[in-house]
Amino acid sequence: DEIGRVDARDRDEFLPRNAKRQEAEVEAVRNRLVSLNESLGATRAAAKEAHSQYEVTTRRVFRRYFAQLRESAQKLDFGVDGQLAQRDDGKFACEVRVRVGEKSAVHYDSEDLSGGQKAALSILMAMTAVSLESDSAGFFLVDEPFSASDVHKVNELGDSATLTAPF
């Protein structure tokens, strides 16, 4: 049974070597943690910068979109106002209010707007979004877009679409 036995003197010889190896491993782990912490800091800084750029770009696009939407809406006797508010989660919410003729402004999906007015507004919003496409390749499909509109409003929308189209 002498083969499986380790003499205490032999075991004691290995202790300093094992301790040095373990200290080296602990030091390697510490160095890796420092490296990971530095990497985490850089990642957080990059995420913060990306979010800042998102905010700036969103505000710029919002201003451009609503300036064009207001201009187009006036041709249809609509007044459109929008407010951009940052939510608690860092994203944005957009509040759209519409005034038709001399009536008070209401939320864009209010029951105070007729079906035809809602349809006209939806089409106008979509045309405005497509017209902002930088490569002019945007399009949208609609199913019976004028079913709730009168002939006069259909003609106004057609005229507006012709003026808004990028061709």
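Are Tyr 65 and Phe 66 buried or exposed? In this predicted model, both Tyr 65 and Phe 66 are buried. For Phe 66, the relative accessibility amounts to 2%. Phe 62 is likewise classed as buried, its relative accessible area being 15%; the assignment follows because buried denotes a relative accessible area under 20%.

The aromatic side chains were examined next. Across the whole structure, a search identifies three aromatic pairs. One of them joins Phe 62 to Phe 66 in a tilted arrangement, with the ring centres 4.6 Å apart and an angle of 45° between the planes. These two residues belong to helix H1 and are four residues apart, so about one helical turn separates Phe 62 from Phe 66. The pairing of Tyr 65 with Phe 66 is edge-to-face, with a centre-to-centre distance of 5.2 Å and planes at 90°. The 90° angle is assigned to the edge-to-face class because that class comprises planes over 60 degrees apart, whereas the 45° of Phe 62 and Phe 66 corresponds to a tilted pair. Phe 66 thus takes part in a pair with Phe 62 and in another with Tyr 65.

Of its members, Val 29 is located in helix H1, an element spanning residues 8–75.

Key
Residues are numbered from 1 along each chain as its sequence is written. This is a predicted model: local features need pLDDT of at least 70, side-chain atom pairs count only at pLDDT 80 or more; totals for chains, interfaces and linings use all residues. Side-chain values use heavy atoms; hydrogens and water are left out. Rings of Phe, Tyr and Trp (its six-membered ring) pair if their centres lie within 6.5 Å; planes under 30 degrees apart count as stacked, over 60 as edge-to-face and the rest as tilted. Buried means under 20% relative accessible area, exposed over 50%, partly exposed in between (1.4 Å probe, protein chains only).
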